Amino acid sequence: MMKTYVLYNNKSNNGKGGGTARKVGDIWKDKDLVFVDVFSIDDYKELFSKLQPDDEICICGGDGTLNHFVNDANDAGFDNSKKVYFYPTGTGNDFFNDLGKTAEDGPVEINKYIVNLPTVKVNGMKRLFVNGIGYGIDGYCCEEGDRQRSSDITKEINYTSIAIQGLLFHYKPTNAEITVDGVTHKFEKVWLAPTMNGRFYGGGMMATPGQDRLNPERTVTTMVMFGKGKLGTLIAFPTIFKGEHVKKEKIVKIFKGKNVTVKFDRPVALQIDGETVLNVSEYSVETAEAQK
């Protein structure tokens, strides 16, 4: 009998991910489900070798869980021939939001979204990413959120509040050089410089409303918010949740391309699909097309 392996992240949704993943059983009552905690998987090659030809996979977690799966599966030589579903049990769920879906829609097949992904190189590490690379105050927000959660995994983190506090008091903008497909642009007082495969990141911020993760050219989009002082940036910042910040052309620039390098003049935190990387002065992104 065909089995569906439900790979769940018990730490997602502030430690409630395992319980939330069990809702898949209520949705798929006619399927033979095998629940596997992702933290119990030592070797994805071994897991994949156990799968029968008709078996399926359902990933339950947040954006970070999905990121880890695509990277671990890629390292294990997963050929994407089996159906892979995703069911959101995280807090931000930017990937599902980008698809125009909610948890009420149930698990969604995602095979076409987890191939030909772009890669980021940062601090000697190379990783695929699903949604985007956050750099600037968004990386600071992840760093501060991790710090708050380190003392209590069940603590609900308010990233909007962290961003506002950062804009007003804690985060200092940087100067940046941003090179897209060989053309370099220089900016002063940069607050945000993400490179995106999808439209959303940071738990609902529509950083790049014109980005299509399945666009035929497989380009990514880099958005730069720069130039304003703390108060002016604070006033403009909320418009990012509806993607309206891109209309503010004096402080926001958009670049599309296949090769992107972003350099800051001092190290700050960066996030890859919500996972924090500290002390980053530079990152580079290549699309799948650029690597051919």
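A residue is termed buried when its relative accessible area is under 20%. In this predicted model, Cys60 is buried, because its relative accessible area is 0%. Cys141 also counts as buried, with a relative accessibility of 8%.

The cysteines were next examined for disulfides, for which a pair of cysteine sulfur atoms must lie within 2.5 Å. The cysteine sulfur closest to that of Cys60 belongs to Cys58, and the separation of 4.1 Å is too far for a bond. The count of disulfides under this criterion is zero.

Cys141 belongs to helix 7, where Cys141 and Cys142 are among the buried residues. The helix comprises residues 137-149, 13 residues in total, and extends 18 Å between its first and last C-alpha, close to the 18 Å expected at 1.5 Å a residue. In general, an α-helix has 3.6 residues a turn, so residues three or four places apart point the same way.

Rolling a probe the size of a water molecule over the atoms shows where empty space is left. One cavity of 30 Å³ or more is present in the structure, and the largest cavity has a volume of about 30 Å³. Its lining consists of Asn116, Pro118, Asn197, Arg213, Arg218, Thr219, Val220 and Thr287. By residue class, the lining of the largest cavity comprises four polar, two charged and two nonpolar residues.

Note on methods:
Residues are numbered from 1 along each chain as its sequence is written. This is a predicted model: local features need pLDDT of at least 70, side-chain atom pairs count only at pLDDT 80 or more; totals for chains, interfaces and linings use all residues. Side-chain values use heavy atoms; hydrogens and water are left out. Buried means under 20% relative accessible area, exposed over 50%, partly exposed in between (1.4 Å probe, protein chains only). On a 1 Å grid over the protein atoms alone, a cavity is a set of points where a 1.4 Å probe fits but cannot get out, and a pocket is an open set with protein on both sides within 12 Å along at least five of seven lines; lining residues have an atom within 4 Å of a point. Grid points are joined across faces, edges and corners, and a volume is the space filled by probe spheres set on the points. Ala, Val, Leu, Ile, Met, Phe, Trp, Tyr, Cys and Pro count as nonpolar, Asp, Glu, Lys and Arg as charged, and the others, Gly among them, as polar. Helices (H or I, at least four residues) and strands (E, at least two) are DSSP runs, numbered from the N terminus. The expected span of a helix is 1.5 Å times one less than its number of residues.
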